[in-house]
Amino acid sequence: METIYFDNNATTQVSQEVLEAMLPFHNVLYGNPSSIHSFGSRVAEKVEEARERVAAFLGVSTREILFSSGGTESDNAAIRSALEVSPEKHHIVTSAVEHPAIRSLCRYFSKRGYRVTEVPVNGEGELDLDYYEKSLTSDTAVVSLMWANNETGVLFPVEKAALLAHEKGIPFHTDAVQAAGKIPIDLKNSPVDMVSLSGHKLHGPKGVGLLYVRKGTRFKPTALGGHQERGRRAGTENTPAIVGLGKACELASQEMDKKISRIKHLRDRLEKGILAKVPNTRVNGGKAPRLPNTTSISFEYVEGEGILLLLDEFGVCASSGSACTSGSLEPSHVLLAMGVPAETAQGAVRFSLSAYNREEEIDFVIEKIPGIIQKLRHMSPLWPYGGQYASRAA
Ligand code: PLP
C-alpha cells in the first residue's frame, strides 16, 4: 500500500538533494571542524558554507546564526538566555497556544518564581493584541510568541508584537519552526531579536536546528563546554546535519511563491472537498491568516484518534494535533484556548501538506473520509441523529 503523507507539520521527507549533500560528511569528510589539521578545516569550511546558506535564507548575517539540535533546543536556549541576562526581571510573556517546547519551559519557570502571562487567542486562534500590549511591564524579561501555530497554521503578527515589546525594552523571541519554508521570512529589517528553526520541518534532517540571535542582543549559552559556535553552543558540530540544513534552506527559498500557491491550492481543495461532503465539520482557525499547508478540521461527534486509525488503514498519515501531545487523551490546548468545546476538540484532525503531495492524494482522502466518519458516527453514543446519518450526510 502506498503511503499518503499529510503529516508534514510533524516531520518532512528529507529531500534527495539534501541527503546527497549530507552523505560524505559521515564517512569521507568526517573530520572534526575544530581540529587544527586541514582535514578538519575542510569540514569547518563546509559548516561555514551551510551557515551562509541559512543566513541568506533568513536575510541575516552569518554571525547571527548558531546551530543547535533542533527547535526545542533553540527555544530553550533563547528563553534561558533572556532570563539569565536580566536576572532582576521575573516575568515572561508568551501565548496560550505555544508548542510544548515553549509552554513546558515557561511552566517550569513559573514553578521557580517567575510570573508567566499566557496571552489568550480568539475563536480563530488570533492573538489578543490588546491583552498582549497590556501584559508587557518593566519586569518582563522576554516575550516568546510563535510565528505559526503547529496545529492550526494560524499566524501571529510577530513583527508588530516585537515592536511593542521593544517600546518597553523587552527582547522578543519567536518560534518560527512551522513558518520556515512555508511562508517567506525576511529578518533583514525585522525587529525580532531571536528566532528558532528546525531542520526536519523543511525537508532537512532531524536533530538539527538554529537560533538566530540579532546583532546586539545579549546572549548567554545554556550548555557550557568547548568553544564551538563562537562560545554560544558547546559541543562538536553535527556536521552532516548542519550541511543538510543549509541545503534544505537553500532549496526552500527556490521558487517559494510557486510552491506556496500550489500547496495552498491542494490544501484548499482538500478542505472544501471534506466540508462539502461531511456535515457537522469546521475548520479551526480557517478565517485567520494562516500557513498555506495546514488545515485543522473538527468532525463533531467522533474522536480524532478513531479517524486517524481508519485513515491509516488506507495508508493515509494525518495527525490529531501536535505530534508531541498525541498519545495523550487530553484535548488539544490550542483548540481549547480558541474556545472549541472539549468534545469538538477531540474530533480534530490536522492535515499538513508539502510540495511532495499530489492532487490524486487529495481526491483519495476526499473520497474516503465520508465513509470513515459515517462509520464512526454510527458507533458514537454522541451522534444525536440516530439512523438519520445517511440522509443528513447525503
Ligand atoms: N516548535 C514548534 C512550533 C514545533 O512544531 C516543533 C515540532 O513539532 C518544535 C518547536 C520542536 O522542534 P524539534 O522537533 O526540532 O525539537
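At 13% relative accessibility, L251 counts as buried (under 20% relative accessible area, with a 1.4 Å probe and protein chains only). L251 lies in helix α9; helices here are DSSP runs of H or I with at least four residues, strands are runs of E with at least two, and both are numbered from the N terminus. Leaving aside residues up to four places away in sequence, L251 touches S15, E17, V18 and K259, where contact means heavy atoms within 4.5 Å. L251 and V18 are 233 residues apart in sequence, yet their C-alpha atoms are 8.7 Å apart in space.

## Basis of the values

This is a predicted model, in which local features need pLDDT of at least 70 and side-chain atom pairs count only at pLDDT 80 or more, while totals for chains, interfaces and linings use all residues. Residues are numbered from 1 along each chain as its sequence is written, and side-chain values use heavy atoms, with hydrogens and water left out.

## Packing of α3 with α9

The axes of α3 and α9 cross at roughly 30° and come within 8 Å. The two helices are therefore roughly parallel to each other (an angle under 35 degrees). On the α3 side the contact includes V43, V47 and F57, and on the α9 side it includes I242, L245 and C249. By class, this contact has 10 nonpolar, 3 polar and 4 charged residues; Ala, Val, Leu, Ile, Met, Phe, Trp, Tyr, Cys and Pro count as nonpolar, Asp, Glu, Lys and Arg as charged, and the others, Gly among them, as polar.

## Packing of α10 with α14

Helix α10 (residues 256-277) packs against helix α14 (residues 359-379) at about 15°, with the axes 9 Å apart. This pair is therefore also roughly parallel. Among the contacting residues are L266, R269 and I274 of α10 and I362, D363 and I369 of α14. The contact has 8 nonpolar, 2 polar and 4 charged residues.

## Nonpolar cores

The largest nonpolar core has 57 residues, and Y132 and F172 have the most contacts inside it. Such a core is a set of buried Ala, Val, Leu, Ile, Met, Phe, Trp, Tyr and Cys residues joined through side-chain atoms within 4.5 Å. Elements giving two or more residues to this core include α3 (38-58), α9 (239-253) and α10; α3 gives the most, with 6 residues.

Y132 touches F172 as well as residues including V93, V119, L145 and A161. A second, separate core of 27 residues includes I4, L311, V316 and I362.

Terms used:
Axes are lines fitted to C-alpha atoms, for helices over the stretch in contact, and angles run from 0 to 180 degrees between N-to-C directions. Angles under 35 degrees count as roughly parallel, over 145 as roughly antiparallel, 65 to 115 as roughly perpendicular and the rest as oblique. Buried means under 20% relative accessible area, exposed over 50%, partly exposed in between (1.4 Å probe, protein chains only).
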